[in-house]
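Dear colleague,

Please find below the structure that I am handing over to you, with its sequence. My findings follow it.

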Amino acid sequence: MPLDGRTAVVTGGGRGIGAAVAGALARRGASIIVAARSADRIERVANDLIAAGHRAWAVTCDVTDADSVTALLERARAHAQHVDILVNSAGAADSTPFERLTRDEWDRLLAVNATGPFLCMQTFLPGMVERGWGRIVNIASVAGLTGARYIAAYTASKHAVIGLTRSVAAEVAPRGVTVNAVCPGYVDTPMTDESLDRIVAKTGRSREDALAAILDTTPQGRLIQPEEVAHAVVALCEDDARGINGQAIVIDGGGLLA
Ligand code: NDP
């Protein structure tokens, strides 16, 4: 298997894209540390992987808390000695017209979507550099590459993580480590379900109308599946992807064209 002997930490691994990434990496041979705040969800994901014959552990972590991220590194090393792959999928979304955007919402989204990947990258990168091999994949968003109405804080946080990706990629390029971002459009996950709930609550539209409005903005008229995002992540983690570094790979069916 291409990732035999590698260990991956997947933040946000308890559901959605992170859970799909954990499964896809495990099926390619990697051992998986599933990390998020809710113990029950990450334990379920890890137990499913173990039941399917893979090596996996659940470790609770709040990526916005530096001590919690340090503890994640220590627990990961206790379970699997070293960490070769970091996938930053922990994230949060919200939407508010800019004039009503509060400092609290701004701080909350920047903390999890930008500071979280910063803390995790700074914590896990030294071990990768020391071993001369590493892969970091940040789950950003098309919102990291373009603006849109009502999501200023989310958009700023995703632009931040893409900037972080590009600069750190330049620094580690000669050291066997690559750092890339993937930028999905709307994905069929609990995060999108919750966005639909917010649209229904704020506009009084039916759920079907809210979903139709979202699908209208997508070129293929459908939500991207989490496994499609996981497919790109896995490809970036393999040896033959060593030349792909500092990229922001869009997975949106062709809405955002280069
Ligand atoms: P979900 O809301 O379904 O899952 C988010 C995960 O992140 C959960 O496991 C959650 O677990 C975890 N998480 C949230 N906050 C923290 C925290 N502070 N520390 C650790 N873990 C945390 O989201 P998706 O799977 O849909 O999204 C994953 C990533 O992809 C996000 O960064 C999102 O912005 C991005 N994305 C999503 C898109 C979509 O349409 N769904 C589109 C483009 C990008 P817990 O609450 O237990 O900690």
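How many salt bridges does the rule find across the interface of domain 1 and domain 2? There are three salt bridges across that interface. Please bear in mind that this is a predicted model.

The two domains

The domain assignment divides the protein chain into domain 1, which covers 7-185 + 225-245, and domain 2, which covers 187-223. Taken over C-alpha atoms, the centres of domain 1 and domain 2 are 24 Å apart. In the contact between them, 16 residues of domain 1 meet 10 residues of domain 2. The size of an interface is often given as the accessible area lost when the parts come together. For domain 1 and domain 2 the buried area is about 970 Å², with 48% of it on carbon and sulfur atoms. Within domain 1, the residues that lose the most area to domain 2 are Arg15, Ala93 and Gln225, which together account for 42% of what that side buries.

Polar and charged links

A salt bridge joins the side chains of Asp94 and Arg198, with an N to O distance of 3.4 Å. Between domain 1 and domain 2, six residue pairs are in polar contact, counting pairs with both residues at pLDDT 80 or more. On the side of domain 1 that touches domain 2, the elements giving two or more residues are α1 (16-27) and α8 (226-237). Of these, α8 gives the most, with three residues. By class, that side of domain 1 comprises seven nonpolar, six polar and three charged residues.

In the whole structure, the search finds 11 salt bridges. One of the pairs forming a salt bridge is Asp84 with Arg131, whose closest N and O atoms are 3.4 Å apart. Asp84 is in the loop between α3 (66-80) and β4 (85-88), whereas Arg131 is in helix α4 (residues 103-131), so this pair ties together parts that are 47 residues apart in sequence.

The ligand

There are 30 residues around the ligand, and of these Arg37, Ser38, Tyr154, Val187 and Thr189 come nearest. Which distances separate the side chains of Arg15, Lys158 and Thr192 from oxygen atoms of the ligand? For Arg15, an N or O atom of the side chain is 2.8 Å from an oxygen atom of the ligand. For Lys158, the corresponding distance from a side-chain N or O atom to a ligand oxygen is 2.9 Å. For Thr192, a polar side-chain atom lies 3.0 Å from an oxygen atom of the ligand.

With kind regards

Key:
Residues numbered from 1 in each chain as written. Predicted model: local features only at pLDDT ≥ 70, side-chain atom pairs only at ≥ 80, totals over all residues. Heavy atoms only, no water. Domains from an automatic or database assignment. Contact = heavy atoms within 4.5 Å. Buried area = accessible area lost by both parts, 1.4 Å probe. Salt bridge = Lys/Arg side-chain N within 4 Å of Asp/Glu carboxyl O. Polar contact = N/O pair within 3.5 Å; in protein donor to acceptor, adjacent residues only side chain to side chain. Helix = DSSP H or I, 4+ residues; strand = E, 2+ residues; numbered from the N terminus. Nonpolar A, V, L, I, M, F, W, Y, C, P; charged D, E, K, R; others polar. Near = heavy atom within 4 Å.
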